[in-house]
Amino acid sequence: MRMTSSCNGMGTEGVVSAMFTFSVPLSEYPNYTDSIPGGAEIILQKISPEDGHIMEGRIFYVSSKSSDDVKVTVTCYDRMAYTECEFPCTDEDFSDSEGLSVGTVLDRITQECGLHAIQFDTITVKSLDFELPKSMLSGRSCRDVLSALSQVLCGYFVYDSYFNNVYFIAFGSEEHGNLTNCTKHEKIRDTSYLMRNNVYMTDSSGNVYGGTSGGSNTITVDSQLASLALYQMLTERIGTYIYRGWDCGTAIFSGIPEVPMAVYFEDEENPRYANYYDIELSSDGIVGSIGCNAVDEGAWVYKGRTQRELEKRYSEGDTWKNVQLTKKDGIRYVYVNENGENQTYGYKVKEKGVTVYEGNEISKNTAEEITVSDDVSEVKYSIGGIMKAVLSLVWDGDVLKSYCRKILDMDGKVIHDDKEAADNE
């Protein structure tokens with residue numbers, strides 16, 4: 001059995017859900033599609049070995065199932081998965097106003113998703129006096145709405161199974177979390193130590209509400225909901241905040257972890273704040289990795305658990321089936337010829353956003369001798385050494401409004417002209 005959960009990067013936005021996977025013998029569940037229905041409750045409990053007392057428990061819900069010849073693997077999520085439902089609203093809700101208040105939005109999400117409450121820290125809750133427009137609510141999922149709120153409020157939402165609450169974990173607030181003890185563990189690596197004391201806030205119209213852009217000390221908030229009041233709240237809350245990233249590859253846990261966590265290690269006096277874990281549950285105990293997401297200090301890119309795991313598994317030039325991963329040329333398509341040699345094809349982006357496919361779409365005749373005018377109003381190329389093509393492009397700023405294609409033979413005789421063909425119709 002495996003359980004994992006992680007916030008996104010430093011925890012400046014997002015909706016966190018815990019995932020739990022386990023396997024059962026196929027021989028015992030031959031009709032698993034019916035006997036383990038989607039949405040069914042799966043209760044994970046820790047029981048005292050001394051008296052059989054239930055010490056703690058978590059409820060998950062079946063999301064998907066797969067099987068091989070031996071076992072059935074079941075994937076479950078906590079109740080945060082219910083936020084994937086559509087946000088409840090109608091056109092009548094916006095007949096007297098362009099939006100709904102944050103209080104109304106949160107009440108509807110709470111009711112629709114079967115939650116007890118959605119709670120905020122004392123600093124953030126004072127600023128929840130704005131409206132969300134129809135464009136952010138109608139046709140959106142409750143998760144989309146929470147994600148948009150988390151972005152402008154700079155934090156993340158997480159589910160608490162004990163109280164059936166969703167909590168907003170505010171970035172820059174006092175570090176706190178569910179208490180977890182680790183009695184035995186590998187060496188702890190400190191990965192990041194970064195000060196955050198500048199909030200740069202903008203909206204979708206390009207308005208700047210405060211702060212300066214760029215710099216390794218900057219938290220950037222770009223949201224349709226941005227306002228001066230929210231900028232002032234974030235500046236007060238974040239202040240001079242130091243983010244500490246760390247990682248412990250293997251540890252033994254005293255209980256079932258739950259993000260966010262305050263982790264006590266036996267050889268350290270003070271607890272460490274953790275925002276991710278990846279554990280295995282077995283008869284030997286609860287064992288896995290834990291930490292606070294690392295920050296790429298060179299590019300100032302904040303990576304979550306999933307991205308770190310992908311980077312461990314894939315490197316430049318790796319091939320999976322007929323696809324190759326590259327850092328500069330994007331995805332390349334791979335064909336293995338009769339000699340067992342790889343031939344790769346893909347797309348290259350040239351100046352002004354002109355994209356060229358290197359390969360064969362319907363024949364072996366590829367585009368060659370490609371030239372692009374300085375103002376990108378004309379693109380010329382040859383085809384298989386037997387034809388030439390000229391594309392005349394008409395732009396409206398960065399938007400391509402129209403184009404005409406002229407095909408010529410190698411002597412310059414026009415074979416086809418889109419413009420002339422259109423005029424004759």
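Reader: Which residues touch the most other members in the largest nonpolar core?
Author: That would be M3, I109, I118, L132, F157 and I290, in a core of 86 residues. One thing to keep in mind is that this is a predicted model.

Reader: And which element gives the largest share of that core?
Author: Helix α4 does, with 7 residues. On the wider point, nonpolar side chains in soluble globular proteins tend to be buried together.

Reader: Let's stay with L132. What is it in contact with, leaving aside neighbours within four places in sequence?
Author: The list is E98, G99, L100, V102, V105, L137, V145, L149 and L225.

Reader: What does a second, separate core include?
Author: That one has 8 residues, among them V376, V379, L393 and I407.

Reader: OK, zooming out. How many helices and strands does the protein have?
Author: There are 7 helices and 32 strands. The protein has 425 residues, and 39% of them count as buried.

Reader: What about the accessible surface, how much is there?
Author: About 24,100 Å², and carbon and sulfur atoms account for 47% of that.

Reader: Now α4 again. Which strands does it touch?
Author: First the sheet itself: β7, β10 and β9 form an open sheet of 3 strands in the order β7-β10-β9, with mixed pairing. Its edge strands are β7 (117–119) and β9 (155–160), each pairing on one side only. From one strand to the next, the twist averages 20°. Helix α4, residues 142–153, packs on this sheet and touches β7, β9 and β10. The direction of α4 makes about 130° with that of β9.

Reader: How do β7 and β10 run, parallel or antiparallel?
Author: They run parallel, joined by 3 bridges, with β10 covering residues 165–170. If you want a pair to click on, Q119 stands opposite Y167 in β10.

Reader: Different spot. What's the order of the sheet with β13 in it?
Author: The order is β14-β13-β15, an open sheet of 3 strands with mixed pairing. β14 (208–210) and β15 (218–222) are at the edges with a single partner strand each, so one side of each has no neighbour in the sheet. Ignoring direction, neighbouring strands here are turned by 20° against each other on average.

Reader: How many bridges pair β13 and β15?
Author: 5 bridges, in the parallel sense, and β13 spans residues 198–202. Across that pairing, V199 stands opposite I219 in β15.

Reader: Which helix lies across β13, β14 and β15?
Author: That's α5, running at about 165° to β13.

Reader: Which residues of α5 are buried?
Author: In α5, residues 228–238, the buried ones are L230, Y231, M233, L234, R237 and I238. Looking down the axis of α5, they fall within an arc of 160°, so they line one face of the helix. Just after α5, G239 takes a positive phi of about 55°.

Reader: Last one: is L194 buried or exposed?
Author: L194 has a relative accessible area of 5%, so it counts as buried, given that buried means under 20%. You'll find L194 in strand β12, residues 188–196. L194 and V295 are 101 residues apart along the chain, yet their C-alpha atoms are separated by 8.6 Å.

Terms used. Residues numbered from 1 in each chain as written. Predicted model: local features only at pLDDT ≥ 70, side-chain atom pairs only at ≥ 80, totals over all residues. Heavy atoms only, no water. Buried < 20%, exposed > 50% of the residue type's maximum accessible area, 1.4 Å probe, protein only. Helix = DSSP H or I, 4+ residues; strand = E, 2+ residues; numbered from the N terminus. Arc of directions from axis to C-beta. Pairing = 2+ DSSP bridges. Axes fitted to C-alpha atoms, helices over the stretch in contact; angles between N-to-C directions. Contact = heavy atoms within 4.5 Å. Core = buried A, V, L, I, M, F, W, Y, C linked by side-chain atoms within 4.5 Å. Areas by Shrake-Rupley, 256 points an atom, 1.4 Å probe, with all protein chains shown as cover.
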